Amino acid sequence: MPTAPLPTLPGPARHRALRRAGALTAGTLIALLTGCGTDGGTENSDPGRAGRTAAARTPATAPPPPPPGLPGMPPVLDPKDIYAADRPGMLSPVVRKFPSRVYVPNTNSNTVTVIDPKTYEIVDTISVGVQPQHVVPSWDLKTLWVNNNRGHTLTPIDPATGKAGRSVEVHDPYNLYFTPNGKYAVVMASLDRELVFRNPRTMDRVKTVPVTCFGVNHADFSADGRYFVVSCEFSGELLKVDTERMEVVGQQKLPFEGAMPQDVKISPDGKTFYVADMMAHGVWVLDGERFTTPKLLPTGEGAHGLYISRDSREMYIPNRGEGSVSVFDFTRNRLTKKWWLPDGGSPDMGGVSADGKVLWLSGRYDEEVYAIDTRTGKQLARIPVGSGPHGLAVYPQPGRYSLGHTGVFR
């Protein structure tokens, strides 16, 4: 695969780089002209010295500006940290007045439980379609979409009022993502074996991309937005998809018999993809650009979700099969902690609170939700909800736009 394109420099930084390049060029010309006329030929009498002098005076060539990212994508704030817009308190004006809530889709109850994170109390229960799997913030942050997988609908919830709107017909919406430029919604049609690109507001179908793997379910986008990596749960495969062309450009089988890849997340520096695997009991570490065979990092039984801390230093990995959460340190490039739920459980999908202090996770097989202190790993609350709680969303959260799932913001 080609070398990863560098992220686009912001306007001011690019102008400074161009000015420096111009100054270096002018300096080189002056040095050359001066050397031709002031030494009376002394330099030229020693070819070796002349070469050394010219080399010393010639500055290094300024690197070319990095290629642009996906057309229409908001520029990356910090090339070293694609989550730089997700710091505590950095709420978009769009969401600043929304009440803080935790929205829990109960797959078997066909409801969404709404929790006040300050009091840990249930404040509402919303009836939705059949088998709601995930609650997904829209790219423009204005709507929460409930993915009613077997009901073949998306139910919109207004996060300002907490009220549900009229459901939209969308076939097999197991999960939902948005391209980084906001141009398309991408429905993970798991049983249909399709990636369906849709209008992000009306959900009208734009392009259907059939796939040969089984169980497309989770994804994440490269730092420049030009491609995304998709996990195929039931066939143990990964896909690489060109965002603009809307085409699969890579496919591979994971090197583990019975692999079941789940959540996908890219590292803060944009160089590495991580893929949780509930049967390999760990996280696959993948070079997205080269799309070579990944290596397995064991974490715990039933590794499922992947969530980035608000300071971009750590990643939380719930291990659903053993009732624990592993903590991965990006700087140290290793696991540093493991938190165990005191009474066991099945921690699955969720999100981090806006201030970064609490990790919220659904208890998929225990009809409950867990609130965990991200500083100590202590369980703060255990809240009974409906049957089969799955992809809960903590909302609002910091960030300029949403890439979908339970809240992936940049």
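These questions and answers go through a predicted model, covering its disulfide, its cavities and its aromatic rings.

User: Which residues form the disulfide, and how far apart are their sulfur atoms?
Analyst: A disulfide is a covalent bond between the sulfur atoms of two cysteines. The structure holds one such link. A pair counts when the sulfur atoms are within 2.5 Å. C213 and C232 form the link, with their sulfur atoms at 2.1 Å.

User: Where in the chain do C213 and C232 lie, and how many residues apart are they?
Analyst: The disulfide is formed by C213 and C232. C213 is in the loop between β12 (205–210) and β13 (216–221), while C232 is in strand β14 (residues 227–232). The pair therefore links distant parts of the chain, and the separation is 19 residues.

User: Is C232 buried or exposed?
Analyst: Buried means under 20% relative accessible area. C232 has a relative accessible area of 0%. Because that value falls under the cut-off, C232 is buried.

User: Which strand gives the most to the lining of the largest cavity?
Analyst: The largest cavity has a volume of about 200 Å³ and is lined by 17 residues. Both β21 (307–308) and β25 (347–352) supply at least two residues of that lining. With three residues, the one that gives the most is β25.

User: How many residues in the lining of the largest cavity are charged?
Analyst: The lining holds 17 residues, and those nearest the cavity centre are I308, R310, Q397, G407 and V408. By class, seven lining residues are nonpolar and seven are polar, and the number of charged residues is three.

User: Are the rings of Y274 and F330 stacked or edge-to-face?
Analyst: The structure holds 12 aromatic pairs. In the pair of Y274 and F330, the ring centres are 5.9 Å apart and the planes are at 65°. Planes over 60 degrees apart count as edge-to-face, so the pair of Y274 and F330 is edge-to-face.

User: How many residues apart in sequence are the parts that Y274 and F330 tie together?
Analyst: Y274 and F330 are both buried. Y274 lies in strand β18 (residues 273–277), and F330 lies in the loop between β23 (324–329) and β24 (334–340). The pair therefore ties together parts whose separation in sequence is 56 residues.

User: Which residue has its charged end over the ring of Y227?
Analyst: A charge sits over a ring only if it is within 6 Å of the ring centre, among other conditions. R193 lies over the face of F214, at 3.9 Å from the ring centre. Over the ring of Y227, 4.3 Å from its centre, sits the charged end of K240.

Key. Residues are numbered from 1 along each chain as its sequence is written. This is a predicted model: local features need pLDDT of at least 70, side-chain atom pairs count only at pLDDT 80 or more; totals for chains, interfaces and linings use all residues. Side-chain values use heavy atoms; hydrogens and water are left out. Helices (H or I, at least four residues) and strands (E, at least two) are DSSP runs, numbered from the N terminus. Buried means under 20% relative accessible area, exposed over 50%, partly exposed in between (1.4 Å probe, protein chains only). On a 1 Å grid over the protein atoms alone, a cavity is a set of points where a 1.4 Å probe fits but cannot get out, and a pocket is an open set with protein on both sides within 12 Å along at least five of seven lines; lining residues have an atom within 4 Å of a point. Grid points are joined across faces, edges and corners, and a volume is the space filled by probe spheres set on the points. Ala, Val, Leu, Ile, Met, Phe, Trp, Tyr, Cys and Pro count as nonpolar, Asp, Glu, Lys and Arg as charged, and the others, Gly among them, as polar. Rings of Phe, Tyr and Trp (its six-membered ring) pair if their centres lie within 6.5 Å; planes under 30 degrees apart count as stacked, over 60 as edge-to-face and the rest as tilted. A charge sits over a ring if NZ of Lys or CZ of Arg is within 6 Å of the ring centre and within 35 degrees of the ring normal.
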